[in-house]
Amino acid sequence: MEEKTRNKINETKLGFWKWAIGSVIFRLILIYFPKNFNLSSRPEVSTPVTSLRRLAEGYWLKQLSMSPYAGSMYHGSPLLLSVLGPLTAIKIEGQPNHLLCSLVSVIADFICALLIRATGRILQKAHGQNLKSLGLDTMLEDIEILPSGDIAALVYLWNPFTIFTCVGYNTSPVENLFAVLSLYGASSGIVPLAAFGWVIASHLSLYPVVLVIPVILLLGYCPDMPPRKLFLQRNLQKTGDERSTKSHIQHRPLTNKPAEATFFWWRVILFFLWASIWIAYVLILSAISVKEYGGLPEMFKRTYGFILTVKDLSPNIGVLWYFFAEVFDFFRNFFLIVFHVNILFMLLPLAIRLNHRPCFLAFVYLAISSMLKSYPSVGDSALYLGLMALFVNELADMQFSFFLFCGYVGVSLLSPVMHNLWIWRGTGNANFYFATAMAYACFQRKGEDSHPKCKFQMHANH
Amino acid sequence: MDVLFKSAAVLISIFLLLFCNAIPSVAYSSSSTMHTNNWAVLVCTSRFWFNYRHMANTLSLYRTVKRLGIPDERIILMLADDMACNARNKYPAQVFNNENHRLNLYGDNVEVDYRGYEVTVENFMRVLTGRHETAVPRSKRLLSDEGSHILLYMTGHGGDEFLKFQDSEELQSHDLADAVKQMKEKRRFKELLIMVDTCQAATLFSQLQSPGVLAIGSSMKGENSYSHHLDSDVGVSVVDRFTFYTLAYFERLNMYDNASLSSLFNSYNPNLLMSTAYYRTDLYGRQLEEVPVTNFFGSVMETIHTDSPYRAFSGKYSKIEIPLDQSDEVKQRRLKSSDVPQELTGSNITGKHVTCPVTRTWNAILGRIGMMKELDSLVNYGLILMFLIATGSSWFSS
């Protein structure tokens with residue numbers, strides 16, 4: 001009861017709906033500016049796998065009864081082509097050409113923000129319950145806990161990266177929507193929704209497939225439980241004195257096992273069942289869609305094969321294009337494996353370490369994949385920056401926050417400048433642009449590292 | 001940890017599904033050679049002012065061949081001496097092949113590849129066989145391939161089984177036959193037409209044995225080839241008879257004419273030539289009535305018309321009709337275009353040998369579904385149904 005009134009107070013103080021509607025109106029105003037400020041042609045915003053102009057090209061090819069993948073322009077899902085394709089072709093008189101697709105992006109952003117807000121609320125409730133079960137609910141009255149869901153949703157909506165992505169005529173808002181949908185479904189325990197979101201998100205762009213681990217953990221455990229150690233310590237503490245668990249505690253032999261950490265196997269099995277149903281459904285629909293043009297193997301080769309083999313080496317804010325432009329053909333496959341395993345090998349250790357905080361694990365996975373994926377864009381960072389704000393209560397302890405903030409701002413300003421110097425004026429070269437890409441990756445890495453939850457886990461054993 | 005192993009197993013099974021369906025795409029390329037380009041090697045082997053007519057012969061043929069479409073990049077012109085800027089030339093920078101001086105053969109667009117003392121037997125053999133020093137530039141090389149038709153025209157002073165180069169050395173008929181044999185071995189031509197305008201020209205190609213070679217000479221063994229007329233203004237004979245009547249034949253034609261080689265060869269009148277124009281076709285596979293002269297003397301490239309800007313999956317290309325001059329004798333002879341084989345640019349479901357049984361059953365299912373028309377609307381209904389199921393199931397589960 002106290003929490004609900006507190007939340008309501010915070011809501012009225014924050015004015016979530018006011019700001020949310022404001023951001024939607026702001027986006028709508030920006031859409032009407034001529035030619036999206038040319039954002040759709042910026043390599044930071046639209047990549048070969050997310051650009052809507054390529055989708056329009058693929059749709060046009062399909063209308064001419066040719067394979068949408070001919071000519072190596074479109075590399076996305078055929079289902080997205082069926083949904084968004086007609087929208088790119090419909091032109092309303094007196095309105096800009098890109099209006100309908102941009103409206104779809106705005107709606108996707110808004111729904112995504114609402115889902116983040118709902119996820120944040122569930123997390124906060126679970127956190128409160130956990131603290132209560134630990135006997136620490138006295139803490140709730142003392143300190144002020146910010147409504148992380150609202151703040152995260154607002155951060156997501158008002159993040160300049162998200163606005164660029166929304167106005168920049170690409171499909172990242174839709175992909176982000178489905179990733180967040182899977183997280184929301186998992187944290188609220190709605191298994192079919194989690195499976196649906198996960199399957200569609202990984203179908204649209206390959207990398208959300210790593211979210212299967214946090215989703216399983218969310219479904220199996222409750223969202224964001226403190227580690228078992230704390231429950232052990234609680235048990236020890238009951239036999240010992242009344243001290244805060246955050247300080248160092250003497251090591252005593254364990255007498256009883258913790259009873260709180262149960263893993264709901266049946267939910268995970270149900271998740272896999274639903275996931276296989278959705279996978280089969282999506283594959284059947286895609287197969288029907290591309291039957292004339294080479295079938296599923298061709299689709300896999302052109303979508304996932306394209307992402308994994310990094311065929312297009314046009315510059316973006318990632319780190320793969322520069323390397324693969326100069327690697328010898330003999331070593332190309334080896335280095336492809338190295339770069340992709342770079343993401344994969346981090347999954348297991350992080351999962352072991354953070355298996356009791358699946359939402360945070362999802363945020364870390366998304367941050368890693370957005371840093372090391374083959375065609376990153378600012379849309380990916382928009383997603384994980386929004387999710388980072390879910391843990392805003394711990395962000396107060398974050399080190400280097402000002403440094404990181406300035407770093408992000410600096411990189412976002414310098415990156416188009418270096419691109420201009422390199423490509424348009426010819427006074428720079430690729431190293432200029434790649435330097436900003438590397439700096440961006442470094443800031444992302446530093447951001448994850450210095451997150452207090454990470455630090456807390458590292459030092460928990462000492 | 002079990003969770004992770006399970007998820008890893010799911011991922012592995014998904015990847016196995018992907019690889020089971022991966023059919024390597026096989027590109028199917030044509031194996032039979034197609035006539036793709038035309039080359040001309042025009043050789044004048046005589047020097048000195050009184051051999052003006054040999055220069056004029058070669059330049060006339062050069063002009064004809066360029067007019068009918070072969071570009072300079074595919075013409076090797078070898079002139080043993082310089083008549084246009086000779087001190088004895090009354091009309092500097094001009095070379096005529098007729099006393100009416102109607103045509104200036106030297107014009108402003110003549111590219112001579114081998115000039116003066118570079119025209120030797122050794123260089124001629126190197127051009128034919130392609131065995132050059134590394135420093136020889138591309139413009140001096142015969143860069144033909146297995147789809148080329150080559151016209152080899154030689155003029156100068158010749159005799160029984162030889163052709164005189166520069167008044168100092170000779171090219172013998174067995175040397176020429178050797179060179180042609182090497183060319184055939186190295187697949188440097190698809191068809192070769194040798195045209196010789198010298199005395200006793202037919203003996204020069206008597207030793208040839210390579211298939212795909214057609215040869216015509218201006219005179220037979222024991223006969224001389226004569227010049228056509230003397231230009232009293234220039235002071236020397238300006239053209240030889242054989243070449244004169246060849247040019248008379250070609251001046252009537254343009255690039256799109258369908259005149260055949262047999263009509264060219266039959267146009268030579270022994271009375272007018274004062275020799276017998278002898279040609280040998282025993283090494284040549286095709287009937288002369290079917291071969292248009294532009295196969296050697298011009299360059300009419302076959303255009304393959306395609307409707308799609310991209311390489312689509314339907315590989316058969318349609319051909320356009322080249323505009324024909326509808327003269328009487330031409331109606332019987334149509335341009336035969338060689339067939340372009342069907343290209344399979346990717347994995348084709350119907351025509352491939354599929355090994356994976358999963359894919360076979362999959363294709364069978366798809367085949368039955370494919371009977372239904374309007375796949376697009378089916379996909380759209382499927383998507384709507386998917387969203388309905390998602391919302392419904394999540395509603396019930398919450």
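Predicted model: local features only at pLDDT ≥ 70, side-chain atom pairs only at ≥ 80, totals over all residues.

Visitor: Okay, chain A. How many helices and strands does chain A have?

Guide: Chain A has 23 helices and 0 strands.

Visitor: And what is the secondary structure of chain B?

Guide: Chain B comes to 10 helices and 14 strands.

Visitor: What about the accessible surface of the two chains?

Guide: Chain A exposes about 20400 Å² of accessible surface, and carbon and sulfur atoms account for 66% of that. Chain B comes to about 20500 Å², with 54% belonging to carbon and sulfur atoms.

Visitor: Among contacts between residues at least 6 apart in sequence, what share joins residues at least 24 apart?

Guide: In chain A, that share is 76%. In chain B, 73% of such contacts join residues at least 24 apart.

Visitor: Let's zoom in. Where does Val24(A) sit?

Guide: Val24(A) belongs to helix α2 of chain A, which covers residues 16–31.

Visitor: Is Val24(A) buried or exposed?

Guide: Its relative accessibility is 17%, so Val24(A) counts as buried; the cut-off for buried is under 20%.

Visitor: Which residues is it in contact with, leaving aside neighbours within four places in sequence?

Guide: Val24(A) is then in contact with Val106(A) and Phe110(A). Val106(A) is 82 residues away along the chain, yet the C-alpha atoms of Val24(A) and Val106(A) are separated by 6.8 Å.

Visitor: Switching to chain B: how do helices α2 and α5 pack?

Guide: Helix α2(B), residues 52–67, and helix α5(B), residues 241–251, pack at an angle of about 20°, with their axes 10 Å apart. That angle makes α2(B) roughly parallel to α5(B), because angles under 35 degrees count as roughly parallel.

Visitor: What is the handedness of the α2(B) and α5(B) crossing?

Guide: The crossing of α2(B) and α5(B) is left-handed.

Visitor: Which residues make the contact?

Guide: From α2(B) they are Asn57(B), Ser60(B), Leu61(B), Arg63(B), Thr64(B) and Arg67(B). From α5(B) come Thr243(B), Leu247(B), Phe250(B) and Glu251(B).

Visitor: How do the residues of that contact divide into nonpolar, polar and charged?

Guide: The contact of α2(B) with α5(B) has 3 nonpolar, 4 polar and 3 charged residues.

Methods:
Residues numbered from 1 in each chain as written. Chains lettered and ligands numbered in written order. Heavy atoms only, no water. Helix = DSSP H or I, 4+ residues; strand = E, 2+ residues; numbered from the N terminus. Contact = heavy atoms within 4.5 Å. Areas by Shrake-Rupley, 256 points an atom, 1.4 Å probe, with all protein chains shown as cover. Axes fitted to C-alpha atoms, helices over the stretch in contact; angles between N-to-C directions. Parallel < 35°, antiparallel > 145°, perpendicular 65-115°, else oblique. Left-handed = near helix turned anticlockwise from the far one by under 90°. Nonpolar A, V, L, I, M, F, W, Y, C, P; charged D, E, K, R; others polar. Buried < 20%, exposed > 50% of the residue type's maximum accessible area, 1.4 Å probe, protein only.
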